[in-house]
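Here is a short report for a first look at one structure. Keep the sequence and the model in view while you read.

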Amino acid sequence: MSKKEIIALLNSALELEHAAFVQYLSHAEIVDGINEEPVIHACSAPIVNRLKEIASDEKNHQDKFRSIIGDLGGVPSMRIAATHQATTIKKILEQNLKDEKAAVDAYRKILERLKSEKGQGYYSYLIQHEVTQVVVDEQKHITVLEFLLGIQGSSY
Ligand SMILES: [Fe+2]
Ligand SMILES: [Fe+2]
């Protein structure tokens with residue numbers, strides 16, 4: 001795999017992170033709006049916080065990918081992958097769970113490509129390590145979303 005291909009893969013990952021960040025913040029705002037209902041306020045306020053916490057992780061992932069792309073001499077993409085709207089708390093959690101799984105699948109592919117490169121390149125372990133850390137975070141997000149949906153362990 002050429003350096004150009006690695007940069008292209010990392011840029012598509014960066015675009016996914018742009019989408020995830022915007023989507024979580026938008027969904028947090030929608031859940032906050034649903035919060036206006038006094039009856040459900042107590043149970044949905046923590047969800048807003050969790051969505052914002054995850055958004056902040058996605059922002060860190062953007063920084064990580066931008067930094068590796070820059071280190072490789074590439075130009076970080078400013079594009080954004082597809083985002084998905086949802087209007088109820090349950091649908092918001094389900095949509096993000098689906099999108100987190102898609103992100104894990106995409107990053108797994110990057111890691112597999114990197115593995116086949118072992119022994120070549122002088123930053124291959126560094127890149128592999130950084131992408132692995134991002135996948136670990138996404139898998140944590142999956143466990144948080146499953147917990148909020150009350151379906152722990154269903155994605156394993
Ligand atoms: Fe992420
Ligand atoms: Fe995530």
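## Ground rules

This is a predicted model, in which local features need pLDDT of at least 70, side-chain atom pairs count only at pLDDT 80 or more, and totals for chains, interfaces and linings use all residues. Residues are numbered from 1 along each chain as its sequence is written, while chains are lettered from A and ligands numbered from 1 in the order in which they are written.

## The whole chain

The protein chain has 4 helices and 0 strands. Helices (H or I, at least four residues) and strands (E, at least two) are DSSP runs, numbered from the N terminus. Along the sequence the pattern reads α-α-α-α. The C-alpha trace spans about 60 × 30 × 20 Å along its principal axes.

Of the 156 residues, 26% count as buried. A residue is buried if 20 or more other C-beta atoms lie within 10 Å of its own, exposed if 12 or fewer, and partly exposed in between, with C-beta atoms placed from the backbone. Two residues are in contact if their C-beta atoms, placed from the backbone, lie within 7 Å. Among contacts with a separation of 6 or more, 76% join residues 24 or more positions apart.

## H1 against H3

Helix H1 covers residues 3-34 and helix H3 covers residues 89-115. They pack at an angle of about 165°, with axes 11 Å apart. Axes are lines fitted to C-alpha atoms, for helices over the stretch in contact, and angles run from 0 to 180 degrees between N-to-C directions. H1 and H3 are therefore roughly antiparallel. Angles under 35 degrees count as roughly parallel, over 145 as roughly antiparallel, 65 to 115 as roughly perpendicular and the rest as oblique.

H1 passes H3 in a left-handed crossing. That term applies if the near helix is turned anticlockwise from the far one by less than a right angle; clockwise is right-handed. On the H1 side the contact includes Leu 9, Ala 13 and Leu 16. On the H3 side it includes Ala 103, Ala 106 and Tyr 107. By class, this contact has 14 nonpolar, 2 polar and 2 charged residues. Ala, Val, Leu, Ile, Met, Phe, Trp, Tyr, Cys and Pro count as nonpolar, Asp, Glu, Lys and Arg as charged, and the others, Gly among them, as polar.

## H3 against H4

H3 and H4 pack at about 160°, with axes 9 Å apart. H3 and H4 are therefore roughly antiparallel too. H3 passes H4 in a left-handed crossing. The residues of this contact divide into 16 nonpolar, 6 polar and 6 charged.

## The nonpolar core

A nonpolar core is a set of buried Ala, Val, Leu, Ile, Met, Phe, Trp, Tyr and Cys residues joined through C-beta atoms within 7 Å. The largest one has 30 residues, and Leu 10 and Ala 13 touch the most other members. H1, H2, H3 and helix H4 (124-149) each supply at least two residues. H1 gives the largest share, 11 residues.

Leaving aside neighbours within four places in sequence, Ala 13 is in contact with Phe 65, Ala 106, Tyr 107 and Ile 110.

## Two residues up close

Ala 106 lies in H3. Ala 106 is partly exposed, because 16 other C-beta atoms lie within 10 Å. Its C-alpha atom is 9.1 Å from that of Leu 9, 97 residues away along the chain.

Ser 56 sits in helix H2 (residues 38-71). Ser 56 counts as exposed, because it has 12 C-beta neighbours inside 10 Å. The C-alpha atoms of Ser 56 and Leu 25 are 9.1 Å apart, with the two residues 31 apart along the chain.
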